[in-house]
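Please consult the sequence and the structure shown here before reading on.

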Amino acid sequence: HVKGSDVEAFVTEAFEDDNSFRLFDTSHVSHNERELAKGIVAGAKLVKAKSQQDGPVEVHVVTKVWYTHLGYERTRLSVRESLRDLEEALQDPDVDLKVHLMLHWPRCYAGVDWMDCEGEEYYLPDAVKEAGPPPALDKQNAWKESWKALEDIYSSKDSYPGVASIGVANFKNGDMKSIMADSRIRPHLVQLNVWSLLHDPTTVNLCNRYHTHMQVFDVMNGIISRARQAPHANGHLHKVAHELASDERRLSAAHVVFKWLTQYEISALQRDIDLSVAGIPDLTENQLMEVGHAVEAILSGSDMEDDVHVQVTFHATDQDMVLFFYPGPTDEDELMITYIKKGSYYQEPTHPKHQFRLYSAVDPEVYYDHVVDGNYGDFQHVHVNLQDNTNVQEE
């Protein structure tokens, strides 16, 4: 969650140019709903001014009830405060705001290091304490009273303008089974850690059975940042990214994973407005399967058996050379790969558009830059002659 004075500008920027963000995730405990509303209003007016759109701009906000506010009356109080802080966007004629209310957690867990169950209760405002008993007095059932409150709020939408759906986050098997079995209104929306797609199939199956929409978070930390630990799977993600890219837009493994999720109608929460999947073509059946296998391998901590890359063989034809991975002229983080003696060669598995630099071993002012222009599965030989700068590439 973005906090503080940056929220309004960050949200407004998300509407600009090619950014098509229309859903924002926050929570009441983040204390940024008022700034979020201001950013939404500014962004909507920006969209209307540029596109000459008739009518209001539809925007969705997910906000959540913190575990300190579990219990019927505490939850109602939290929702009233959230809607009050979102009021500027709710009332603006240029915005059609849809608010999605969720229970952030089913309870406070004493064994979780960052949760301060007693301390947070102690420092609550008197209005919260007076609204209802501490949820810690009934940890197994306090959330059930909160869910009843959300059901009543959703059923009385005339009194709660903008409320479009209700849901839960961070609920595990037992609580999910209970809420699906015993509720008057089953959750419309469930937020899960991306790990749940692999490690919590019961919850995923429950959501599918009852047509509950799933949103996943921690995609970047759970998949993308771990991809290098599974180089074969990472290669497959980059392969699909290359296949989907166009001359106007280069794509990353992150784009591919987010597109894969949304194509399965799973929303993915992200913090980077540069990762919009708008305009990316749909994955084919084979690509969906390939990305699915790669994601499963990364999440399970293993790797795919088959690698995929462009195999480039660098030949040092006239002198000793030093091979570097070269990110580009604006990046000084060259990575030395190997020393290649005159008359010998080195094979490097790599990816399209990767850049390399071969320096003369005796004169670093003399070098040759090579950009990989092949496709996945290609084998290329690059014969480098630094003396007269004759460099021949063979397929």
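The model is predicted: local features need pLDDT of at least 70 and side-chain atom pairs count only at pLDDT 80 or more, while totals for chains, interfaces and linings use all residues. Residues are numbered from 1 along each chain as its sequence is written, and side-chain values use heavy atoms, with hydrogens and water left out.

**Charge and overall fold**

- The chain carries 35 positive and 64 negative side chains, where Lys and Arg count as positive and Asp and Glu as negative, with His and the chain ends not counted.
- The centres of the two charge sets lie 9 Å apart, each charge being placed at NZ of Lys, CZ of Arg, CG of Asp or CD of Glu.
- There are 14 helices and 15 strands in the chain; these are DSSP runs numbered from the N terminus, helices being H or I of at least four residues and strands E of at least two.
- Along the principal axes, the C-alpha atoms fill a box of roughly 85 × 50 × 40 Å.
- Of the 395 residues in the chain, 49% are buried (under 20% relative accessible area; exposed is over 50% and partly exposed in between, with a 1.4 Å probe and protein chains only).
- Among contacts (heavy atoms within 4.5 Å) with a separation of 6 or more, 68% join residues 24 or more positions apart.

**Aromatic pairs**

- The count of aromatic pairs is 12, a pair being rings of Phe, Tyr and Trp (its six-membered ring) with centres within 6.5 Å; planes under 30 degrees apart are stacked, over 60 edge-to-face and the rest tilted.
- Tryptophan 143 and phenylalanine 171 form an edge-to-face pair, at 5.2 Å centre to centre and 80 degrees between the planes.
- This pair links distant parts of the chain, 28 residues apart: tryptophan 143 is in helix α7 (residues 142-155), and phenylalanine 171 is in the loop between β4 (163-169) and α8 (173-182).
- Both tryptophan 143 and phenylalanine 171 are buried.
- Tryptophan 260 and tyrosine 264 are edge-to-face because their ring centres lie 5.9 Å apart with the planes at 85 degrees.
- Tryptophan 260 is buried at 11% relative accessibility, whereas tyrosine 264 is partly exposed at 46%.
- One aromatic cluster is formed by Trp66, Tyr67, Trp105, Tyr109 and Trp114.

**Charges over rings**

- Lysine 129 lies over the face of tyrosine 122, at 5.5 Å from the ring centre; the criterion is NZ of Lys or CZ of Arg within 6 Å of the ring centre and within 35 degrees of the ring normal.
- Arginine 357 lies over the face of tyrosine 367, at 3.8 Å from the ring centre.
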